[in-house]
Amino acid sequence: MGRIFGTDGVRGLANRDLTAELALDLSVAAAHVLGEAGAFADQRPTAVVARDPRASGEFLEAAVVAGLASAGVDVHRLGVVPTPGVAFLTAFLDADMGVMISASHNPMPDNGIKFLARGGHKLDDDIELLIENRLEEPWDRPTGAEVGRIGDSRAGVTTYVKHLVDSVPTASDDGGALDGLTVVLDCANGAAYEVGPEVFTRLGASVLAIHAEPDGHNINDNCGSTHLGDLQKAVVERGADVGFAFDGDADRCLAVDAQGNVIDGDHILAILAVAARDEGRLHDDTVVATVMSNLGFVQAMEKAGITVLQTSVGDRYVLEAMRAGGFTLGGEQSGHVIMSDFATTGDGVLTAIHLAARMSVTAQPIADLATVMTRLPQVLLNVPDVDKSRAGTDPVLQGEIAAASARLGDTGRVLLRQSGTEPLVRVMVEAPTAELASEVAEHLAGVVRATLSL
């Protein structure tokens, strides 16, 4: 059997790749591994389990809960809750582990299982490998009073909503921090369909929620953060101040200004970094981003006196760097933003309310706030069917990269990355003009084809 865990838990086509049997076995193995690793306190272990609204989540939730309870773990079943809500409640309820059943922004037929350790943190790679190695092993099954108990805990959702509302520093006991703002929320027919509108309403905003009627089949269906057209149209037609789009499990968000223009993750991170600096919440005046962040973001942060620490692509690398340095803000272009003062993972609703709060505090539209950075034209080309292992060592290619970098100087940059799953190389170029970026990218892509051909 090949690796089961990917970069964000276990994910695949539900009932084919990710079956009820596998979900049950994974849950039993996770309970055993975490228990033996000392993750469980000296008491009966507990777990928090939730899902997004997709139909397959119903039987996968049943399998996960059954596996945990059969291994002697008591289960708090939350129902439909965003992934960051599970992370928060795992810590808040002092649970020994958390489980989220979701495939995030993937199409409805897919699903996934993500395990969280005590405190609401993602599992380390070595723990995931141990879980894989323990699948289908014989084990001593508890009986009688030693089996786990299962209970529904919708009260936890109320606690999570209060946590989000309380995170806005200008909020009063009766809300009001977003009074006067008209906001459109695209809930992607996903896990934030209740939490998102409720939080914004409690903070005083006038809310129009779209794609907030999940039926098990319509999650991410031409909506949410991967399909912004409906949100752009609704914001303009409603005359709203701003719009926010979440993905299926609401661990990220993108924004739309009053004219329907998209505010991407780099702009969002820049706005929040400046806000955190002004409020004295940006540790060491540093923000963590990935190497894919636009050079315009890096230049803007430098001008604002903020250091940018760049990591490999993936939120787990951003998280690792944040935890290692004690940094309080990090994120990716996708809108996956981590505010560690309030969350252990990306939280789309949290990100959105803090962007809206910045609008209120400064009395500026989000379009004006976004001018803190100017995005450089970026071209990304995938070059398939090449020997990606030589991308970092081939002398001819390296010479061409150096020449292109010298040509662009401080006004642009070149980045070549190997795909983690396919035999291809990604060529990314940023330059002062789209024409120059395309020219340099096409040239380098041709060099990759010529020098790394299989």
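These are my entries, arranged by topic.

**Ground rules.** I am working with a predicted model, in which local features need pLDDT of at least 70 and side-chain atom pairs count only at pLDDT 80 or more, while totals for chains, interfaces and linings use all residues. Residues are numbered from 1 along each chain as its sequence is written, and side-chain values use heavy atoms, with hydrogens and water left out. I took helices (H or I, at least four residues) and strands (E, at least two) as DSSP runs, numbered from the N terminus.

**Two helices.** I looked up how helix H6 (residues 195-202) meets helix H11 (residues 348-362), and found that their axes come within 10 Å and cross at roughly 25°. Axes here are lines fitted to C-alpha atoms, for helices over the stretch in contact, and angles run from 0 to 180 degrees between N-to-C directions. That angle makes H6 roughly parallel to H11, a term used for angles under 35 degrees. On the H6 side, Gly 196, Val 199 and Phe 200 make the contact, and on the H11 side Val 349, Ala 352, Ile 353 and Ala 356 do, where contact means heavy atoms within 4.5 Å.

**A three-stranded sheet.** I then turned to an open sheet of three strands in the order S17-S19-S18, with antiparallel pairing; two strands pair if DSSP finds at least two bridges between them. Strand S17 (378-384) and strand S18 (413-418) are the edge strands, each pairing on one side only. Seven bridges join S17 to strand S19 (residues 424-430), and I noted that Val 379 stands opposite Val 429 in S19. Helix H14 (residues 434-451) lies across S17, S18 and S19, and runs at about 15° to S17.

**Two positive phi angles.** I reminded myself that most residues other than glycine have a negative phi. Asp 94, although not a glycine, has a positive phi of about 55°, and I found Asp 94 in the loop between helix H3 (83-92) and strand S4 (97-101). Ala 363 also has a positive phi, near 55°, and sits in the loop between H11 and helix H12 (366-369). Is Ala 363 buried or exposed? Ala 363 is exposed, with a relative accessible area of 67%, whereas Asp 94 is partly exposed at 43%. For these words, buried means under 20% relative accessible area, exposed over 50%, and partly exposed in between (1.4 Å probe, protein chains only).

Terms used. Angles under 35 degrees count as roughly parallel, over 145 as roughly antiparallel, 65 to 115 as roughly perpendicular and the rest as oblique.
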